[in-house]
Amino acid sequence: MSKKRIKEIAIQHFNRLGYEGTKMAQIAEEAGIRKQSLAYHYSSKKALLLELYEEVVQEEQQFVLQFFSESVTQTLDQQLYAFLHEHKNRFLTNPNVAFMYILSFITPLEVHDFVLAQYRTYLGTLKEELAAVFTRHSDIRLSPEEATVAFVTVMDGLDVQLVYETRQSYEQALAISWNVFWSGIQH
């Protein structure tokens, strides 16, 4: 059994059962290995979660960097709207992305400081990329920093819809908040 498969199973368990409900014995059983074999790779559930969370944060940072470098030729509104749409799709189809966001909203006390620090590194990358995008567009009425804060705030509100509500509530909130956001930053 590869560590990759163990991680895939663990993320499924964390997403479905939460941190408290996830049991190492169940991960081992589903992976087809003994609990002692799992303990060889991960001494505890906390150790497993820490490694997983750091990896998924790095994956999302790479996604952000790649997305904004590949979409540089789009108009500002196309680029930002496409990012929100792709962000939603990644959450709904990629268990790693769902894991990152769910854990950032519902953080077990035992790993709170680590998760917060890791999530802040992701937000730092996102904000740097957004500021660079806004800097290239002088046709907005906000400074790049202000526009970045506004966009991240909209995205945070939309993430609440993904974590606690449904895809449909996300779509409805996106339609409304996008119009307010886009109208608010234009000259």
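Which residues form a nonpolar patch on the surface? I106, V160 and Y164 do, with about 260 Å² of accessible area together. Areas come from the Shrake-Rupley method with a 1.4 Å probe.

The model is predicted: local features need pLDDT of at least 70, side-chain atom pairs count only at pLDDT 80 or more, and totals for chains, interfaces and linings use all residues. Residues are numbered from 1 along each chain, and side-chain values use heavy atoms, without hydrogens and water.

V160 lies in helix α8; helices are DSSP runs (H or I, at least four residues) numbered from the N terminus. V160 counts as partly exposed because its relative accessibility is 31%, where buried means under 20%, exposed over 50% and partly exposed in between.

In helix α2, residues 24-31, the buried residues are M24, I27, A28 and A31. They lie on the same side of α2 because they cover an arc of only 95 degrees around the axis, taken from the directions from the helix axis to the C-beta atoms.

| Helix | Residues |
|---|---|
| α1 | 3-21 |
| α3 | 35-41 |
| α4 | 45-70 |

G32 follows α2 and has a positive phi, near 80 degrees.

F151 touches L80, F83, L84, L130, F134, W178 and F181, leaving out residues up to four places away in sequence.

How values were computed: Buried means under 20% relative accessible area, exposed over 50%, partly exposed in between (1.4 Å probe, protein chains only). Helices (H or I, at least four residues) and strands (E, at least two) are DSSP runs, numbered from the N terminus. Contact means heavy atoms within 4.5 Å. Patches are made of residues with over 30% relative accessible area and no salt bridge: like charges are joined within 9 Å, nonpolar side chains (Val, Leu, Ile, Met, Phe, Trp, Tyr) within 5 Å. A salt bridge is a side-chain nitrogen of Lys or Arg within 4 Å of a carboxyl oxygen of Asp or Glu.
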